[in-house]
Structures are given as structure tokens and as C-alpha cells.
Amino acid sequence: MSIVAEPTDKPAALTSVEHPLLVFFDGECGFCNHWINKVRDADHAHRIRFGTKQGTTFQEVAKAHPEVAKVESIVVVSRNGIGHEEILVRSAAVRIVVDGLPGFRFFAFLLQIIPAPICNIGYRLVSKVRSSVMGKLSQCRVPTEEERALFVD
């Protein structure tokens, strides 16, 4: 699912040329935090920034795009080649995040060859069991000093 983000009043861009992706995740989910840590470690070019869905930046995105407020998925704001931002969820979001990341090549390949509706079914299944498998955290992830530049509030 992709939603082109072009509100009438032009807010500050969430992405930039050097950081074309902004990934929002459930900061209280153990599985999500584990996955984000792996993505952050694999992103040697630092093209991705991160934020929790409990944070103020995501709350502003959700106000502008209420259709993503309750979605059980990571939410990715992606900058295209002409500077426009679009919002991606479920397998489309995962696909753009893992594209080109070392350690995720096989997974990225699978996401390319498996049709999106099937990937989305798999995503929903993982989403339903993620808390029971990895547990819930009592608080959102706090970035280290060196990570702070890659995280938004």
C-alpha cells in the first residue's frame, strides 16, 4: 500500500537526499526493536532514519494522514527522485527498507518475486504474533548518543 503524501499546506520534509527513508516502528515491540537494530546495523550508508509510532513526529504524520494512524505495520516515508514523499506500509515498506542492505539480500529477493498480496498476508501473520514471540517492552527504545542523529522524536 502506498499513499502519496502531498498535503495542501507544505510541512517540513521528513526525508532528505542523504536520508531518503524514515521508518516508524512500534517502539514497545521487542520484535520491532530487534528488526530495527538489524536494519540500522546493515545501513552502512545511513540512508535511513527511525522514529517510534509513539513519538511526536509520527503523531504529526498521523494527523496529516489518518489512514496510517492505526495500521499494524511499520510506516515508511520515502523520498522519490523528484523530492516528493510517499507513505508505505506492510510489505511495500519492508521491501524499500531492505533493498540493497547487506544481510537482507535473500529476503529482498523473496519480496521481489512473491506477489505483494501474499507478502502482505505474511506480514499480517507476523504482526499478529510478534508480541507473543518477542514480548512487549515497558518503554520505547532510547537511542544511544551516536545513534541520535538517525532518530526523530
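Modeller: Let's start with Asp41, which forms a salt bridge with Arg40, their closest N and O atoms being 2.9 Å apart. A salt bridge here is a side-chain nitrogen of Lys or Arg within 4 Å of a carboxyl oxygen of Asp or Glu. Before we go on: this is a predicted model, where local features need pLDDT of at least 70 and side-chain atom pairs count only at pLDDT 80 or more, while totals for chains, interfaces and linings use all residues. Residues are numbered from 1 along each chain as its sequence is written, and side-chain values use heavy atoms, with hydrogens and water left out.

Biologist: Thanks! How many salt bridges does the structure hold?
Modeller: Three. Arg40 also forms one with Glu147, with the closest N and O atoms 2.7 Å apart. Arg40 lies in helix α1 and Glu147 in the segment after α5 (116–134), so this pair ties together parts that are 107 residues apart in sequence. Helices (H or I, at least four residues) and strands (E, at least two) are DSSP runs, numbered from the N terminus.

Biologist: Which residues are linked in a network of salt bridges?
Modeller: Arg40, Asp41 and Glu147.

Biologist: Is Glu147 buried or exposed?
Modeller: Buried, with a relative accessible area of 7%. Buried means under 20% relative accessible area, exposed over 50%, and partly exposed in between (1.4 Å probe, protein chains only). Arg40 counts as buried too, at 16%, whereas Asp41 is partly exposed at 48%.

Biologist: And what does Glu60 form a salt bridge with?
Modeller: With Lys63, the closest N and O atoms being 3.3 Å apart. Both sit in helix α2 (residues 56–64), three residues apart, about one turn of the helix. Lys63 is exposed, at 62% relative accessible area, and Glu60 is partly exposed, at 48%.

Biologist: New topic: how many disulfides does the structure hold?
Modeller: Zero, counting a disulfide as a pair of cysteine sulfur atoms within 2.5 Å. For Cys29, the nearest cysteine sulfur is that of Cys32, 3.1 Å away. Cys29 is buried, with a relative accessible area of 0%.
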